Amino acid sequence: MHKDIIYIGVNDHDIDLFEGQYDVPNGMAYNSYIINDEKVAVFDTVDARFVDKWLENIKAAIGEKCPDYLIVQHMEPDHSSGIAAFTKAYPDATVVASDKAFVMMNKFFSVDFTERKLAVKDGDTLSLGTHTLSFVAAPMVHWPEVIMTYDSTAKALFSADGFGKFGALDVDEDWACEARRYYFGIVGKYGAQVQAVLKKASGLEIETICPLHGPILDENLGYYLDLYNTWSSYGVESEGVVICYTSVYGNTKKAALMLADELEALGCAKVAVNDLARCDMAEAVEDAFRYGKIVLATTTYNGEIFPFMRTFLSELAERGYKKRKVGIIENGSWAPVAARIIKKALEECKEITFADTTVTIHSGVKDENIEQIKALAKEML
């Protein structure tokens, strides 16, 4: 990272659920940065519980020097909760953000910074002295007010929530796994908007990506950019089949595991199995987008489908699930309707192909079901 860019973010190991829903056993990082030039720019703030520590980090980085700018790229509270404290500590600093962000500031904090604001839009520039900043509008990645910032001197892209991941920075873990879960959980609905930003980024010479969550990326950037391109275009990242099931008394589970065994026996590259009642739902969603083929196995329940499967399908549809092949295993003791309901739940999803074979179980797995499972396995390869 360029010598003038200083990291001033914080790690959070007290949090259990990010955004009230995503399990984060390794915590979270709330990233913030300073460019220490003739004029000093601070990029974003942190979660409310860490504002005092963050202000200490600013002072430790630049001493008694006063920041000239606070650049607010994203107004989610885990990044904006320090705005009021910052403007109180540094009353001469200018707040830089998009017009929509200033509207949100008034909604969050009942202030509009009329006398000290600089509203910027796509393509605007700001000179700090040696460093020149260019602003890149990134609406709906993943809020409407988002701007990213490109520093042409450092060849650094400050990417807001883009290229972020779950996990604190003092934990060593695989980037792709938690970045993928983060992307499809939080950003995944907005593939078209991410594609638009990637197109803008392709015209920039980038050596470093500074996201608001997760590590600074300064090596092998093509790897991260390629993954984001695959994810945001709903492409297939890994060859294999994911099986997601719910089961009341174990019979549907038995069928799902039989299918997994059959796929593996046929040489399937990877079989990922998720029990939707027990797994991390966000990881199941991640798998559904990672692989190109999915089998949904569930029971008929109250004339519908089992609640965990219904939730899972809603999660997929909400995120614009598309370009996938879907197999179905349904179970019902007297009136199985799960297959029909699954198809209805996915009817708004584009470019979905359903396997010709549907496995229909009446309570327990029978010989004819075993033959159906074998046929389905061959179709899903």
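E351 sits in the loop that runs between α11 (338–345) and β21 (352–361); helices (H or I, at least four residues) and strands (E, at least two) are DSSP runs, numbered from the N terminus. The phi angle of E351 is near 55°, a positive value in a residue other than glycine. Most residues other than glycine have a negative phi, and most peptide bonds are trans. At 56% relative accessibility, E351 counts as exposed, where buried means under 20% relative accessible area, exposed over 50%, and partly exposed in between (1.4 Å probe, protein chains only). The model is a predicted one, so local features need pLDDT of at least 70 and side-chain atom pairs count only at pLDDT 80 or more, while totals for chains, interfaces and linings use all residues. Residues are numbered from 1 along each chain as its sequence is written, and side-chain values use heavy atoms, with hydrogens and water left out.

A cis peptide bond with an omega of about 5° joins V141 and H142.

As for the whole protein chain, the secondary structure comes to 12 helices and 21 strands. Of the 381 residues of the chain, 54% count as buried. The C-alpha trace spans about 80 × 40 × 35 Å along its principal axes.

Next comes an open sheet, in which 6 strands are arranged in the order β1-β6-β7-β8-β9-β10 with mixed pairing. Two strands pair if DSSP finds at least two bridges between them. β1 (5–7) and β10 (117–119) stand at the edges with a single partner strand each, so one side of each is left without a neighbour in the sheet. On average, neighbouring strands of this sheet are turned by 20° against each other, direction ignored; the axes are lines fitted to C-alpha atoms, for helices over the stretch in contact, and angles run from 0 to 180 degrees between N-to-C directions. Strands of a sheet pair through backbone hydrogen bonds, either parallel or antiparallel. Strand β7 (residues 40–43) pairs with strand β8 (residues 69–71) in the parallel sense over 3 bridges, and F43 stands opposite I71 in β8. β8 also pairs with strand β9 (residues 94–97), in the parallel sense and over 3 bridges; here the bridge partner of L70 is V95 in β9. The pairing of β9 and β10 is parallel as well, over 3 bridges, with V96 opposite L118 in β10.

Then there is the empty space. Rolling a probe the size of a water molecule over the atoms shows where empty space is left. On a 1 Å grid over the protein atoms alone, a cavity is a set of points where a 1.4 Å probe fits but cannot get out, and a pocket is an open set with protein on both sides within 12 Å along at least five of seven lines; lining residues have an atom within 4 Å of a point. Grid points are joined across faces, edges and corners, and a volume is the space filled by probe spheres set on the points.

The largest pocket holds about 340 Å³ of space. Its lining has 17 residues, of which T299, T300, G332, S333 and W334 lie nearest the centre. α8 (251–265) and β18 (291–301) are the elements that give two or more residues to this lining, and β18 provides the largest share, 3 residues. By class, the lining of the largest pocket has 5 nonpolar, 12 polar and no charged residues; Ala, Val, Leu, Ile, Met, Phe, Trp, Tyr, Cys and Pro count as nonpolar, Asp, Glu, Lys and Arg as charged, and the others, Gly among them, as polar.

The second largest pocket holds about 150 Å³, and its 13 lining residues include Y22, G185, I186, E318 and R319, which lie nearest its centre. Most of what elements give to this lining comes from α5, with 3 residues. Its residues divide into 4 nonpolar, 4 polar and 5 charged.

A search of the whole structure finds 1 cavity of 30 Å³ or more. The largest cavity holds about 70 Å³ of space, and helix α6 (residues 191–201) gives the most to its lining, with 4 residues. V141 and Y228 are among the residues that line the largest cavity.
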